[in-house]
Amino acid sequence: MKAVEIREPGGPEVLQLVDRPDPQAEAGELLIAVKAAGVNRPDCLQRQGAYPPPPGAPDIPGLEVAGEVAAVGAGVTSFSVGDRVCALVPGGGYAEYCTVHETNALPIPAGFSFSEAAAIPETYFTVWHNVFQRGGLKAAETLLVHGGSSGIGTTAIQLAKAFGANVITTAGSDDKCQACRDLGADRAVNYKTDDFVAAVKEETDGEGADVILDMVGGDYISRNYDAAAVEGRVVQIAFLRGRVAEADFSKLMMKRLIHTGSTLRARSINFKADIASELRRKVWPLLGKRTVAPVMDTIFPIDRAAASHSRMEEGDHIGKIVLDIG
Ligand SMILES: NC(=O)c1ccc[n+]([C@@H]2O[C@H](COP(=O)([O-])OP(=O)(O)OC[C@H]3O[C@@H](n4cnc5c(N)ncnc54)[C@H](OP(=O)(O)O)[C@@H]3O)[C@@H](O)[C@H]2O)c1
């Protein structure tokens with residue numbers, strides 16, 4: 001099969017198209033003939049050598065795919081050859097074939113192309129777990145989501161609105177802020193010109209945000225404590241401004257905040273299966289009606305994987321970048 005491998009840690013140019021042996025479906029697994037694969041920021045970190053694949057995962061990058069089931073391993077009961085599926089994979093997505101445990105795959109929602117479907121799993125699994133399970137966001141509460149125009153952010157805005165929450169978001173340009181409002185955000189703050197803490201206070205009559213989804217870290221950590229409501233939950237999913245920070249923890253204590261975080265990739269098949277089954281019950285019907293849908297930025301052919309990473313690292317994208325694998 002054709003696959004994109006990381007020749008050595010480095011810039012986008014180290015991604016190269018190579019021939020690799022086809023993977024085989026083991027017991028409980030699907031072999032997917034991949035038609036499209038999502039590109040995510042963690043793929044760029046892996047390419048740079050900063051995010052190694054967990055033990056047992058392929059070295060080929062790519063955390064989400066959509067395609068057709070080409071073969072099934074022993075004991076598979078939920079899918080058959082020819083089914084259209086999308087899946088969260090621990091690696092190996094940038095390739096013509098990829099294996100996944102059947103419980104970590106979901107049917108492609110009706111009416112979605114392979115490219116759109118490949119843009120679903122990583123952000124929907126991440127947002128569902130971190131905003132709803134870990135953060136416990138409820139209807140009528142306020143979510144503050146940083147990086148609102150990112151793959152993760154565009155999903156968080158739509159899901160939070162679909163479940164009846166108010167949404168405030170930050171983004172790095174007026175165009176990105178407008179895109180967030182177009183997706184339903186009640187307020188979008190250009191963090192380069194405005195103070196998000198003041199905006200959250202204004203928008204919530206001084207109460208603050210109940211849940212904060214943060215991929216920024218650094219100086220945002222202390223400011224998140226300022227922006228949070230009493231009994232607020234701050235969920236950390238990345239540290240684009242740095243993983244080491246100084247913060248005034250008396251705010252955490254006085255407001256009885258919970259500051260938590262998680263990372264999805266290294267979690268067990270069973271853990272991801274539980275998220276998949278909740279998504280199927282609670283979110284797949286919304287995708288089926290297009291109440292929520294991935295925001296598509298650019299689709300690159302597989303032989304332009306390097307360009308897809310450059311696009312992500314330049315930071316002008318809004319929503320998801322996808323590789324077309326044919
Ligand atoms: N923990 C997990 O399980 C998990 C799973 C998936 C992804 N993630 C993480 O979630 C983040 C988003 O992933 P993605 O694939 O959606 O990537 P993405 O689309 O590239 O999003 C990154 C976002 O961060 C914003 N940003 C970048 N640098 C910033 C800074 N210094 N200050 C403030 N904002 C900044 C960017 O836009 P603007 O600056 O222009 O607003 C952009 O919206 C990544 O860091 C990724 O590693 C974590």
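**Pocket**

What volume does the second largest pocket have? I get about 470 Å³, bearing in mind that this is a predicted model. I then looked up the lining, which counts 28 residues; the closest to the pocket centre are Gly56, Ala57, Pro58, Pro90 and Thr99. Sorted by class, I have 15 nonpolar, seven polar and six charged residues in that lining. Next I checked which elements contribute. Strand E6 (97–101) and helix H9 (269–282) each give at least two lining residues. E6 has the largest share, with five residues.

**Rings**

How many aromatic pairs does the structure hold? I find six. The one I looked at is Trp128 with Phe132, a stacked pair at 4.7 Å centre to centre with 20° between the planes. Why are these two about one helical turn apart? They sit four residues apart in helix H3 (residues 121–134), so about one turn of the helix separates Trp128 from Phe132. I also checked their accessibility, and both Trp128 and Phe132 come out buried.

Arg84 lies over the face of Phe114, at 4.4 Å from the ring centre. Arg290 does the like with Phe112, where I read 4.1 Å from the ring centre.

**Helix H7**

Is helix H7 (residues 220–227) largely enclosed or largely open? Six of its eight residues are buried, so I put H7 down as largely enclosed by the rest of the structure. The buried ones are Tyr220, Ile221, Ser222, Asn224, Tyr225 and Ala227. What do they pack against? My list has strands E8 (142–145), E11 (209–214), E12 (228–236) and E13 (258–261), plus helices H6 (196–203) and H8 (249–254).

**Positive phi**

Last, I looked up backbone angles. Ala140 has a positive phi of about 75° although it is not a glycine. I place Ala140 in the loop between H3 and E8. Is Ala140 buried or exposed? Its relative accessibility is 63%, over the 50% cut-off, so I count Ala140 as exposed.

Asp205 is another non-glycine with a positive phi, here about 50°. I find Asp205 in the loop between H6 and E11. Relative accessibility is 73% for Asp205, so this residue goes down as exposed too.

Conventions:
Residues numbered from 1 in each chain as written. Predicted model: local features only at pLDDT ≥ 70, side-chain atom pairs only at ≥ 80, totals over all residues. Heavy atoms only, no water. 1 Å grid on protein atoms, 1.4 Å probe; cavity = no way out; pocket = protein on both sides within 12 Å on 5 of 7 lines; lining within 4 Å. Points joined across faces, edges and corners; volume = space filled by probe spheres on them. Nonpolar A, V, L, I, M, F, W, Y, C, P; charged D, E, K, R; others polar. Phe/Tyr/Trp six-rings, centres within 6.5 Å; stacked < 30°, edge-to-face > 60°. Buried < 20%, exposed > 50% of the residue type's maximum accessible area, 1.4 Å probe, protein only. Lys NZ or Arg CZ within 6 Å of the ring centre and 35° of its normal. Contact = heavy atoms within 4.5 Å.
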